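Biologist: Show me the chain, please. I would like to go through its disulfides, its helices and its salt bridges.

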Amino acid sequence: PRGDPHRCRQRIDIGDRAQLSEYADYLKFAVYRDPVSRFLSAYHNKVLFPPKPHVFYTMKRLEGMGLDQFIRVAESVLKIGNPLHIDEHLRPQAWCYQPADVDWIVPIGQLQAFLRENFGFSREQNRNKTVLPRLKVTEEQKERIRQLYACDYSIEPDWRQSAKEPG
């Protein structure tokens, strides 16, 4: 569908289905990222080393916040009723598309190969690569993140049946 690339749907309505049907001949794909890796990347890029202040709709600056506190912020933010008011870096992937909406769900680690194979080009190699310092993340923190994004684990990447990114 046209419009905001970060547009989110918790469900597909009839109008969206009709609009998607206009593109039946197009190859439609979504990029999937392991929820723990994705969350830690957001923490790194928006809290530890933000290029500019980022408030995640909390009206509070997050720079320097500890991981436990950031997880609590995410727990609070994800209770917002309107998904469009949730920053796209925290919004669950499963709220943004349904597997039936796309032809392929491509793991982020295979995006370059997918683009080359299907479109004859690839993007800048390191564009969305997560470079995380050695964060001390406990198994309990990872489990809290997994619970927050449980719906994302229902998405199964299906292009080349790849294994998930390490979380």
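Biologist: How many disulfides does the structure hold?

Modeller: First, the ground rules: this is a predicted model, where local features need pLDDT of at least 70, side-chain atom pairs count only at pLDDT 80 or more, and totals for chains, interfaces and linings use all residues. Residues are numbered from 1 along each chain as its sequence is written, and side-chain values use heavy atoms, with hydrogens and water left out. A disulfide is a pair of cysteine sulfur atoms within 2.5 Å. By that rule the number of disulfides is 0.

Biologist: How far is the sulfur of Cys 151 from the closest cysteine sulfur?

Modeller: The closest cysteine sulfur belongs to Cys 96. Cys 96 is partly exposed at 22% relative accessibility, and Cys 151 is partly exposed at 28%. Partly exposed lies between buried (under 20% relative accessible area) and exposed (over 50%), with a 1.4 Å probe and protein chains only. The sulfurs are too far apart for a bond, at 9.4 Å.

Biologist: In what order do the elements of the chain run?

Modeller: Helices (H or I, at least four residues) and strands (E, at least two) are DSSP runs, numbered from the N terminus. The chain has 5 helices and 2 strands. From the N terminus on, the order is α-β-α-α-β-α-α.

Biologist: What share of the contacts with a separation of 6 or more comes from residues 24 or more positions apart?

Modeller: Contact means heavy atoms within 4.5 Å. Of the 167 residues, 38% count as buried. For residues 24 or more positions apart, the share of those contacts is 71%.

Biologist: Which elements are included in what covers the buried residues of α5?

Modeller: Helix α5 spans residues 139-148, and its buried residues are Gln 141, Lys 142, Arg 144, Ile 145 and Leu 148. They sit on the same side of α5, because they cover an arc of only 160° around the axis; the arc is that of the directions from the helix axis to the C-beta atoms. The face turned away from that side carries the exposed Glu 139, Glu 140 and Gln 147. The cover over the buried side includes α2 (35-48) and α3 (67-77).

Biologist: Which residue meets Glu 143 in a salt bridge?

Modeller: The pair lies within helix α5, 3 residues apart, about one turn of the helix. Glu 143 is partly exposed, at 37% relative accessible area. The side-chain distance is 3.4 Å, N to O, and the partner is Arg 146.

Biologist: How much accessible area does the nonpolar surface patch with Trp 104 have?

Modeller: Patches take residues with over 30% relative accessible area and no salt bridge; like charges are joined within 9 Å, nonpolar side chains (Val, Leu, Ile, Met, Phe, Trp, Tyr) within 5 Å. Trp 104, in strand β2 (residues 104-107), is partly exposed at 31%. Areas come from the Shrake-Rupley method with a 1.4 Å probe; for residues, only the protein chains shown count as cover. Together, Leu 27, Trp 104, Phe 119 and Phe 121 have about 350 Å².

Notes: A salt bridge is a side-chain nitrogen of Lys or Arg within 4 Å of a carboxyl oxygen of Asp or Glu.
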